[in-house]
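Let's take a walk through a protein model together, one region at a time. Have the chain in view as you read, and pick out each residue as it comes up.

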Amino acid sequence: MNATTGPEKPRHIDGRINRIGTDDLIKAFGSPPGVQDVGALRAFVAGRLRRPAWPLREWTNAIRSTSAADDVLTAAAPLLTGVEVTGRERGRSQRYGFHYLGWLSPGVQAWRLTGDDRYLRAFEQHLEDWVEQRDSVTGEWPGLDVIWYSLGTWARCRNLLPTLEVLTDSPLSDRAWASLVATLVGGARWAYDEHDVFRHGNWQLVCATELLHISVVLPDLVEARSWAERARERIDEHLLLDVYGDGGHYERSPGYHKMCLTALQTAALLDAEVAAHPKVAAMHQWLCELVSPGGWIPHLQDSGIEWPATSLLRGSYVLDNPVLARIAAQWLSAEDFAVEAAALPAWDDADRQQRWLDAVATAREAVVPALPQHTVLADTGYVILRSDDLRAVINYGPHIEHELESHSHRAVLDLVLEGWQRPLLWEAGGPPSYDDPDYLTWYQSGRGHNTVLVDDQELSTDRGVQVDPLVDTGQVAVFSGHHHGNVVPQSRTIAMVREEPAVLVVSDHSAAGEHTFRAHWHTLSPWQQVGPLAYDASAAEGPGLLLIEAGDPSTTTVETSEGVARRPLVDKQVAEYGPLYSLGLTRDSGMFTTVLLPHAGAQVPEVAVTGDDEELTIDHGDIVDRVSASTWVRTTSGRLSWATGWRTRGLLDLLRTSEDVDVSATVVDGVLSLEVTCSGRCGLWIRPLGDVRLDGVLVTAESDGDGWAHLTLPYAGRWTVDGARHD
C-alpha cells in the first residue's frame, strides 16, 4: 500500500454520495409522475420493490422460538439503551468495522420477531444519528475513508438492504426511510465509481455482488442498469482471476474464502450465469475438502475457525445440488438444519422447489460421499492427508498481497494435525482483532506455527517454495518440499502412516552455516516431558500426541511457553480463545527428525525411537517401524507386514527397478503383493515364486541366474505384480 495515496482510488466523495436530499432521491428513481415528496416516493417504491436475496420475513419466521431468536434479542438490547454511533473510541481497524452497521440491523430483526415498536424506534433513532454524525468520523488508515470505502459500502448494503422490504410498509418515519435508501444509493454510487477496473482481493469482489444486489432490488433507479453491468463485469473477472482452479480464493484464507463465497451466493441467486459458473461450484468443493470430520476448517492465513455447514446448505439451495445438503447435515442438529432450510424462500419454479424440498427431506439419511485419502489443492497450496481417525493439513502456498496488509502468515511447510475430532498440533491462527498488539509478533509470526525458524527471523515474502509430487502408497503418504525464505535453504518431508499404530515422521533439513535453528510445536494441552527429548500433550481423557525428537539431547535446548489461539468446540460449533502450549527445540544444526505419535486415550504409548543418519527405528513393542530417506518398513513379531518406498529403485530384497518408482509391498496370509507406480516404461526385477502376473495377466519373467527375474512395466501407471518371493 502506498502510504500517501491509500489502498483505493483518490477520494471521490461528493454530495451525490453523502448528501442526497429528497429531490435528489426522487431524481434517482427517474422522477416518477406525481411523486413530489418522500411519502409518495415510498409508495411508488413499495409497489415495485423486488425481494432481496435473503428475505428477512422467511428468516425471522424460521428462527422464532429458537436460540437464534434469543441471540437477536441480545444483540438488539443495546439499541434500547443507546449506542455511541461514531465509533470514535474503537481501535484503528475496529472503527471501520463498526460502520458496517452490523450492530444496527438487529433492531429491525427484533421488531419482526416481537412486534415491539421500541426496537423499530431505536433503529430509526440510531440510523438518523449515524447519518447526521458520520461525516465527522475519521479513520487512521492513510487515504481510506472510514465510511465510504469498499468494505463499508458492501457491508452496509448487506446489512441494510434486506430491511428495506419490511420497512417500506412499516411505521418507520418517512425521514428515516429516506435516510436508509439514500445510504444505500450513495454507497452504490461510490462503489460504481471506485470499481471501474479489476483489482485483486476480497474487497472488490464482495462490493460488486452488493452493487448487483441493489440494482436488482431497486430496478427503477436510473443507475441500476449501469450498476448491474459493472458488477457483472467485475464478478466475472474475479471468478477468472481471483478464484484458483482448485476453487480456493486468491488470499488462501478459509475465512475470506467463505466471505467471498457468501457474496457470490447472493450474486448467484440474482443471476443464473453466476450460479452456473464452474468456479462457484469449485469454491463449495474447496470447503468440503478442507473441513474436518468435526465440522470445522482450521484458522489458516488470518482466518477464524470456520464452520461451513450453513454455507454448504445454502450452496445446495443456490446450486440445486443435493449432495451439499447431505454434507451440511453431518454437522447441523436436526433443529438447526430445519431452521436454516426454512429460512430460504420458495423457488418460483415448481420443479426446482420440489427438488429442494426432496434434498432437505432426505439429506440426513442419505449417504455422504467419502473423501479420498489425500487431497492436493495445488493452486491454493494446501495438502490434506487423511486416515480413519487423523487428518493433517500442510501449507505450502505463496505469500499473497492485500489492499492494506497481507493476510498470509510467515510460515511455510507448516502443518496442523487433528485426531478424534480434536486438534493435536495447532497454530496461532487469526487474531481477535487486527488491532491486537500481538497480531504480527504472534498470530502472523512463524513462531506461532509448527515450523523451523532460523535465527528467530521471520519468513521472507519471497519463499520460492517447490514441492515434489505427493506419494501415497496406501499405507504411507509422503509430502516433500523445500524453500529459501528463511536465510538458508530448508526442506521438510512429512510421512504419515495411516494404520494403527499411526505415526508421522517430520524430517527437517537446512543448509549448513553458523545459525540458530528452532523447531516450534504447538498443542492445546500442556507439554509434559516423558523421556529424553520426548514430550506428550494429552487432554484429560484423551486424545493426545506424543512427540519424540530423534536428535542428540546434549546439543538441543528445550523450552516451553504459552500463547493464545482459538480452539474449536465441536458440541457448540463455535471457537473460543484459550492457551496454546508451545515446545521449542533449539540447536545449531538445522536437522530435526520429529516422530509424532497420536493416541486416542490419555495414556502415553510406550515407544522407543533410535536412529542414525541412515535409518530411524520406531519400536512400539510387537510392531516395529524402520524408516529411511525413501522407505518405510513395518514388521510384526519379526515378520514383514508391509513395506513401501518412494522415488526409489529398490525395496529391501523384494524388488529392483531401472527407474525411480513408488512401491508398496503387502503380505496377506503369507502372500506378497506389489503395487508399483512408474512415470514411464520401466524395467523391474523380482525374486519369483511360481507364476508371475502383471495386473492379473500371466507374463514371462526372464531369470538372470542370480535368483532375480526381469519383466517390463510397459508404460506409466500403477501396476500390481504378484508372484514375488519374500523371506
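Our first stop is a pair of residues facing each other across two strands: Trp642 has Thr666, in strand E24, as its bridge partner. The model is a predicted one, in which local features need pLDDT of at least 70 and side-chain atom pairs count only at pLDDT 80 or more, while totals for chains, interfaces and linings use all residues. Residues are numbered from 1 along each chain as its sequence is written, and side-chain values use heavy atoms, with hydrogens and water left out. Helices (H or I, at least four residues) and strands (E, at least two) are DSSP runs, numbered from the N terminus.

**Hairpins and a sheet**

E23 and E24 (residues 655-668) pair in the antiparallel sense over 7 bridges; two strands count as paired if DSSP finds at least two bridges between them. They form a hairpin with 3 residues between them, and Leu652 in the turn has a positive phi of about 50°. E23 (residues 639-651) also pairs with strand E22 (residues 631-636), antiparallel over 6 bridges. Here Val633 stands opposite Ala643. The hairpin of E22 and E23 has 2 residues between the strands, and Ser637 takes a positive phi near 55°.

Elsewhere, 4 strands make an open antiparallel sheet in the order E6-E12-E17-E16. Its edge strands, E6 (452-454) and E16 (557-569), each pair on one side only. From one strand to the next, the twist averages 25°, with axes being lines fitted to C-alpha atoms (for helices over the stretch in contact) and angles running from 0 to 180 degrees between N-to-C directions. Within this sheet, E12 (residues 517-523) and E17 (residues 574-587) pair over 7 bridges, and His522 has Ser582 of E17 as its bridge partner.

Among the buried residues of H8 are Tyr119, Phe123 and Trp130; buried means under 20% relative accessible area, exposed over 50%, and partly exposed in between (1.4 Å probe, protein chains only). The buried residues of H8 pack against helices H5, H7, H9 and H10.

Helix H16 is largely enclosed by the rest of the structure, because 9 of its 11 residues are buried. Including Leu312, Tyr317 and Val318, these buried residues pack against H13, H14, H15, H17, H18 and H19.

**Loops worth a look**

Gly247 lies in the loop between H12 and H13, and at 0% relative accessibility Gly247 counts as buried. Leaving aside neighbours within four places in sequence, Gly247 is in contact (heavy atoms within 4.5 Å) with His257, Ala282, Met283 and Trp286.

Two residues other than glycine with a positive phi also sit in loops. Asp320, with phi near 60°, is between H16 and H17 and is partly exposed, with a relative accessible area of 29%. Leu413, with phi near 60°, is between strands E3 and E4 and is buried, at 2%.

| Cis peptide bond | Omega | Loop holding the proline |
|---|---|---|
| Glu500 and Pro501 | about -5° | between E10 and E11 |
| Gly542 and Pro543 | about 0° | between E14 and E15 |

**Empty spaces**

Rolling a probe the size of a water molecule over the atoms shows where empty space is left. On a 1 Å grid over the protein atoms alone, a cavity is a set of points where a 1.4 Å probe fits but cannot get out, a pocket is an open set with protein on both sides within 12 Å along at least five of seven lines, and lining residues have an atom within 4 Å of a point. Grid points are joined across faces, edges and corners, and a volume is the space filled by probe spheres set on the points.

The structure holds 6 cavities of 30 Å³ or more, and the largest cavity has a volume of about 120 Å³. The largest pocket has a volume of about 1600 Å³. It is lined by 50 residues, of which Trp59, Arg158, Thr310, Arg314 and Glu340 lie nearest its centre. H13 gives the most to this lining, with 6 residues.
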